[in-house]
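Please work through the exercises below with the sequence and the coordinates at hand. Each task is followed by a solution in steps.

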Amino acid sequence: MKLKLITIVFLIATGILSAQSDENMNTYQKIVKQTDEIYDNLVKIRRDLHMNPEISKQEKRTSKIVAEYLKGLGLEVKINIGGNGVVGILKGGKKGRKIAWRADMDAIKTDEPDPVTFIKSKNVGIRHICGHDVHTTIGLGIATILSQQKEDLEGTVYFIFQPAEETFTGAKDMIKDGLFDIIKPDEIYGLHIGPETSGMINFKANELFAYQRTLEVKFKPSANENELENFMTNILKGYARNPLKGSPWDIINNISDPKIGITSKETIYKDYFFLDGTKLYKDQGTTFFSASFFETNIENTHSIPLEIKKQILNSKFRDSFISIRYSRAYATPINDPELTNIAKQTISSFYNEEMFKPLYGQVPYSGEDFIFYQQKVPGIFFFLGGSNTEKGINSMPHSPNFAVDEKTIKYGVQCFASLIFERTSNK
């Protein structure tokens, strides 16, 4: 797959680029060529990060590698922001907009064996099973390419390398530690590896994920716990809007299905409530009922606890009821609609259109803390496919056999370096 070289006439006619497009087209060609030149080195970096994964809040080695790399490019570098966070600041040779790019760095604990034998983790029980090693590498690649365009770059680019995404604390920690006192972006962008074909870019305005919630209901000790558990489970099942009648993790396997998958206008992922699991347990003499679910409608997540409380108070368990609350609530990125449309037009002007697909539903997954940046600055969070069926590579994050086609690094750098370059020059 290559960046498309579209004629200047077409670009001007469609309004995507101005009459200075000849210069910009040369820049895009440079980006493709320069990415090819640094690709082997980026693969080495990715493999090193993969072999030396670090869990949330312990990303010291990764943070040091990132900081030293950015300094080597001549960027201004800030370290230890919100823990192990790193920020690189690239000031262009001309005035323009300020654009931020975010990449996360942490790995997770898992005992699942790594399917890629030549880059196995050296840290027992820890693995990059979510692709953050690839995210970090793509971020460094974009920084490399744009630093090579510094004299022509209009504006400033901020590279945010974030710790602790897996615990949903990293973005908050960096913001609390003064991130937006250090940088003043007009827009922010980021990506996550997804299960689509390597190089495939997916995007969507507004909510990207479903809202995942864990409901906790507290009761006094009950004489008939089985009856209580069945009662509560049946209440939750009453909310189900589940087209395939399967569990979320069965259903997510259909996410790429051309007929019902999330890139189809007929997708089943537009409106649903998936019950992810329930359990009853005791702690210090108190009985707890816990249920996790995915819901596409944020208003429903507000009303469900109140409605369930009413049903409990009208049942035989009313005298045992103590409280109801959400014990866990994952955030979901909410992409700015105007920026999403602009990014679609911009990327479509130079990237293979067959590899750029919109999403028509919300992903039944556990969200992303990128939203906390978006609450401060308008931005877009993309999915970048990393699968290769011919090679048996499946890039579904957190799946036991998770792996990434490394050519995805090249595609990510080429596309998003080009997008950022274009956005900095947009007045």
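The exercises that follow concern a predicted model.

**Exercise 1.** Determine how the axes of helix H3 and helix H4 are oriented to each other, and describe the contact of H3 with H4 by class.

*Solution.* Step 1: take residues 60–72 for H3 and residues 132–148 for H4; the two axes come within 10 Å and cross at roughly 10 degrees. Step 2: angles under 35 degrees count as roughly parallel. Step 3: H3 and H4 are therefore roughly parallel to each other. Step 4: on the H3 side, Val66, Tyr69 and Leu70 meet Thr136, Leu140, Ala143 and Thr144 of H4. Step 5: sorted by class, this contact has five nonpolar residues, two polar residues and no charged residues.

**Exercise 2.** Locate the kink in helix H9, then identify the cap at the N-terminal end and the buried residues of H9.

*Solution.* Step 1: H9 covers residues 298–313, and a kink of about 30 degrees lies at isoleucine 304, shortly before proline 305. Step 2: the N-terminal end of H9 is capped by asparagine 297, which has a side-chain oxygen 2.8 Å from the backbone nitrogen of glutamate 299. Step 3: Thr301, Ile304, Pro305, Ile308 and Ile312 are buried in H9. Step 4: the elements against which the buried residues of H9 pack include helix H7 (225–237) and strand S11 (273–283).

**Exercise 3.** Is asparagine 80 buried, partly exposed or exposed?

*Solution.* Step 1: asparagine 80 belongs to strand S1, residues 76–81. Step 2: the relative accessible area of asparagine 80 is 47%, so the residue is partly exposed. Step 3: leaving aside neighbours within four places in sequence, asparagine 80 is in contact with Gly85 and Asp177.

Note on methods:
Residues are numbered from 1 along each chain as its sequence is written. This is a predicted model: local features need pLDDT of at least 70, side-chain atom pairs count only at pLDDT 80 or more; totals for chains, interfaces and linings use all residues. Side-chain values use heavy atoms; hydrogens and water are left out. Axes are lines fitted to C-alpha atoms, for helices over the stretch in contact, and angles run from 0 to 180 degrees between N-to-C directions. Helices (H or I, at least four residues) and strands (E, at least two) are DSSP runs, numbered from the N terminus. Angles under 35 degrees count as roughly parallel, over 145 as roughly antiparallel, 65 to 115 as roughly perpendicular and the rest as oblique. Contact means heavy atoms within 4.5 Å. Ala, Val, Leu, Ile, Met, Phe, Trp, Tyr, Cys and Pro count as nonpolar, Asp, Glu, Lys and Arg as charged, and the others, Gly among them, as polar. The bend at a residue is the angle between axes fitted to the seven residues ending there and the seven starting there. Buried means under 20% relative accessible area, exposed over 50%, partly exposed in between (1.4 Å probe, protein chains only). A polar contact is a pair of N or O atoms within 3.5 Å; within protein, one must be able to donate a hydrogen and the other to accept it, and residues adjacent in sequence count only if both atoms are side-chain atoms.
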